[in-house]
Each structure stands twice: as structure tokens, then as C-alpha cells.
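Try each task first, then follow the solution step by step.

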Amino acid sequence: MEEFMMIIFGASGDLTRRKLMPALYYLHKEKRLPAGFTIIGTGRTKYTDEAYRAYILQNLVQFVPSKEQIKEDMDSFVQNLYYFPMDPEDGNEYILLNQRLKNISQNNLSGDLLFYLATPPSLYGVIPQQLKKIGLNGKNARIIVEKPFGYDLKTAIELNAIYASVFEENQIYRIDHFLGKETVQNILVFRFANGIFEPLWNRNYINYIEVTGVENLGVEQRGGFYDSAGALRDMVQNHLIQILAIIAMEPPATFNAENFRNEVVQVYESLKPLTEKDLKEHIIRGQYTASEYHPAYREEKNIAPDSRTETYIAMKLEIQNWRWSGVPFYIRTGKQMPTKVTEIVIHFREAPLKMFNLVKSQMPKENKLILRLQPNEGITLSFGMKVPGRGFEMKEVMMDFGYDSLEGIPTEDAYIRLIEDCIHEDPTLFTRSDAVEASWKFFEPVLEYWKNPDVPLHGYPAGSWGPLESEEMIHRYHAEWTNPCKNRTNTDIYCEL
């Protein structure tokens, strides 16, 4: 039986219990793991093997959907778990870890090794160097590292150099769970497999594009991390810019990992560099203030009382290539919004001639294509239709498709797909080193500009759609945000921090 060992650093943490173990259990239940698959967890918390198995079993009951909970499968899954308590910053303990792995192994570690770094980013550079010292970076090894990969361009370059000194690029899997979502991958199929849409997917037919990723929660238990990161590092530099790349990319000559990732990098390198005017006028940052039901960001746990970390950002971007020249892309993300939604809105150009003699209130709006990534995953197309009766009064109507209508075809959790891809050595949906650096290079001027204490940080009440300045910015270009929830509280409130 061929052996496959997965070693999770940070195995007693929140990501492991909420996401990784439920995903691995599902793959085990569906018999999609290699026959000789073993999981070894490491962490600072002191567990025996049996205590760790009980801990994971308890969390599976909590985080696995009840319809997927099969007692026999859960019991057999946890029997494949082992635990080794260690301090990942102590180099001496890696020698003991190596010995423990050999004791568990049936063939002296000659099978595949998969390391998963579910740790704070401060350990991303430490762990691979320690693995190299004990010889666990051979050709049979792979490593998955969570975002954020770097804190800025300088640290991203340094981190890439560390990984390149330990592993080959094809052994490194920089994970972004957004790319594991079926709805994100479906953008590619929607664009490139349907002859009625791809011909319209350019500057001749599209007026502007929105990419929105907002949530109706605060920082919860992530205050310490979030206050050092902010919305740009947490959401924009990785999740949302990757969605933009998939929307804007050219079709690969053939669809494989190398060609797909080449096209993603091409989009990043085609982004129009941000000028001083762009930094002042086309980027709005905000921080939520107290409202009737929510405390202010600065009142949250582990947040500095004078923090200037942004919880909201809206940006106008442009792509300098033949397909997209002159088409603005608007990106926004925020905490404590009225609802949780991630969606793309394609605003098509209006018809070139107003044939029908209509008053303004009867004019149909421009056609919109909405790709909802979460929640209520689906696709909506809006267009104008004639209202029955005399004359030519028109009304906007919707054609709507929801993924939940595909009965019997479940939408799997993103971590299930990405872990399975890594097991099968498919890097398509993982970020390559040049993409990491190209993304950070584009956003570096923003981070430098924000170091100036005089740069405005606009307040917005928790539960609203963000600072008024973001509305002013997009209206300046005769565009508007598409707000999927009509609950607005900031139309007559202005506050600045």
C-alpha cells in the first residue's frame, strides 16, 4: 500500500477544526483519499493521540453538516490521526518530529509528504527552512501555505526566496480558498464555453464592471490579526484581484495549469499603475463606527483605540490592454455591511439609439449580468421588456438561475477541492510566485500612500454601505454600486475618523 502522510502545522487551531478536518473527513467518506493516507497534527497544545482524536471528533460533529455525519466513517477517519506537540519555532523539536514521522511510517518516509501551514504568517518563513534542515523537503514533499503570502512587496519577495531555496515551484501550493469555490471556477466555463457571451466580453459592449465582497460581521475573534492587516491585505490583494483576473483574462491556448496561471499574471501586469491622482481620488478607505446595534471597530476586542486600519476599501482600476482599454473596474470590500455577498456585476453599454419615445421614468436601465458567488449562488441577467397595453412603456425584468436548482449536485466546500487538487499534484487553482509579486507590486503604492497620517480615513456607521465618499467616487464616472440589500442607513450621515 502506497503511503501518503499529511502533516498539519497549527493542528489545534481554528482553521484546522473548522475547515481542514471537515474537508479531509469528507474526502475520506467519499473514498477520495489515497489508501495509505495518514494525518499528523502538530501544535503547541499538549494532546496525546487519543485526546486529539476525541477533540477532532467533537469538532466534526459541530462543523460537518448533519446529513454528512456517518458514525462509522467518522470513527474510521479519526483512527488515521496522530498528534505531536511541538513549538514550531524551536529547531531542535523538528528532529523529534522527524523521528515521530518515521515511527508512524511503514516505509521510512518514502511515500508522499504533504505539509500544511495553518499557522500565523510569522511562521511561514520559519517552518520550510526547518524542514530543509532535517531533509523533509525532497521530491516527494509538497507544502500548502495560507494567505497572506507576505505583508507587502518586500516581504513577499523575501518569502518567495525562502521557499525557492527549499522547494521547487511545483512543490509549493499557495492557497486562496476563493479559487476553490465552484462559482468562481464557473466564471471560466460561463465565459469560454458559451458562444453568446464571449463575443460581448470586451470594451465594445461593456460599460463597467463591479467586484463586491462584503460581509455583515465585524472582526469577531480575529482582532489581533485584522488590525495588522486591514481590508486591502485581507481581501483585495488576494481574493478580489484574483476574481478580477478570472473575469478579465484572455482564453488560454489550451486549458492547463501553466497556461491558466500565465494568463492571470498577464492581467496583473496589465493593470494601469496607480498615479498620485488615483491614490487621492480613486481609492476610498473607511472604518466602521458605532451604530445602534454594533460597536465601533475601535471598541472591538484586541483593536487599538486609535487604530487607523481600514475595514472598507473601494477602488477604481483600469486594465491597459486591447480588450479592456477604457473600461473601469470598481472593487469594494467591507466589514459590518448590511448583508454578506460576493458578486460580480457586468454593466453592458446602452443601446446606441433611443427608438421609443419614452419619458425618463420609462427608460429601461442598461443590461446587467450578475454572477453571485455567495450566498444564493447563481446568475442573473436583466433586460428591458414591453409592459402589456397601449404604447411602449418598458420594464426591467430578470432571468435568474440558482445553483440550488441543480438537484443532486452539491456545491462542495472550497477546501475539499483544493486539498484534493494538491494531493493529485494539480496546481491550477493555486497562486504562482510571479503572480504574488505582481499583485503586491500593483498595490505597493497604496500601502506607501497610506503611511501618511493626513490621508483621510472615512467613518461609516456599522450596518451601512460604507462611506459616502465611495458613492461620490463612483458617481463621478456616471456609474453606481449595485447594492443587493436595500437597507441603507448612511444616506444622511457623515463622519470622519
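**Exercise 1: Salt bridges inside helices**

Glu50 and Arg53 form a salt bridge, with their closest N and O atoms 2.7 Å apart. This is a predicted model, in which local features need pLDDT of at least 70 and side-chain atom pairs count only at pLDDT 80 or more, while totals for chains, interfaces and linings use all residues. Residues are numbered from 1 along each chain as its sequence is written, and side-chain values use heavy atoms, with hydrogens and water left out.

Task: Work out where Glu50 and Arg53 lie, then find the salt bridge of Asp14.

Solution. 
- Step 1. Recall the rule: a salt bridge is a side-chain nitrogen of Lys or Arg within 4 Å of a carboxyl oxygen of Asp or Glu.
- Step 2. Glu50 and Arg53 both sit in helix α2, three residues apart, about one turn of the helix. Helices here are DSSP runs of H or I with at least four residues, strands are E runs of at least two, and both are numbered from the N terminus.
- Step 3. Arg53 counts as buried, at 9% relative accessibility. Buried means under 20% relative accessible area, exposed over 50%, and partly exposed in between (1.4 Å probe, protein chains only).
- Step 4. Asp14 meets Arg17 in a salt bridge of 3.2 Å, N to O. These two are three residues apart in helix α1 (residues 14-29), so about one helical turn separates them.
- Step 5. Asp14 is partly exposed, with 41% relative accessibility.

**Exercise 2: The surroundings of Arg44**

Task: Place Arg44 in the fold and list its contacts beyond four places in sequence.

Solution. 
- Step 1. Arg44 is in the loop between β2 (36-43) and α2 (49-63), and is partly exposed at 46% relative accessibility.
- Step 2. Leaving aside neighbours within four places in sequence, Arg44 is in contact (heavy atoms within 4.5 Å) with Tyr83, Met86, Asp87, Pro88 and Glu89.
- Step 3. Take Asp87 next: 43 residues separate Arg44 and Asp87 in sequence, yet their C-alpha atoms are 5.5 Å apart.
- Step 4. Glu89 forms a salt bridge with Arg44, the closest N and O atoms being 3.0 Å apart. This pair links distant parts of the chain, 45 residues apart, with Glu89 in the loop between β3 (81-85) and α4 (91-104).
- Step 5. Glu89 is exposed, at 53% relative accessible area.

**Exercise 3: The two sides of α6**

Task: Check the length of helix α6, then sort residues of α6 into buried and exposed.

Solution. 
- Step 1. The expected span is 1.5 Å times one less than the number of residues. For the 14 residues of α6 (residues 153-166) this gives 20 Å, and the end C-alpha atoms are 20 Å apart, which agrees.
- Step 2. Ala156, Leu159, Asn160, Tyr163 and Val166 are buried. Seen down the axis, the buried residues of α6 fall within an arc of 125 degrees (taken from the directions from the helix axis to the C-beta atoms), so they line one face of the helix.
- Step 3. On the other side of α6, Lys154 and Ala164 are exposed.
- Step 4. The cover over the buried residues of α6 includes β4 (112-117), α5 (126-133), β5 (141-145), β6 (172-174) and α12 (433-450).
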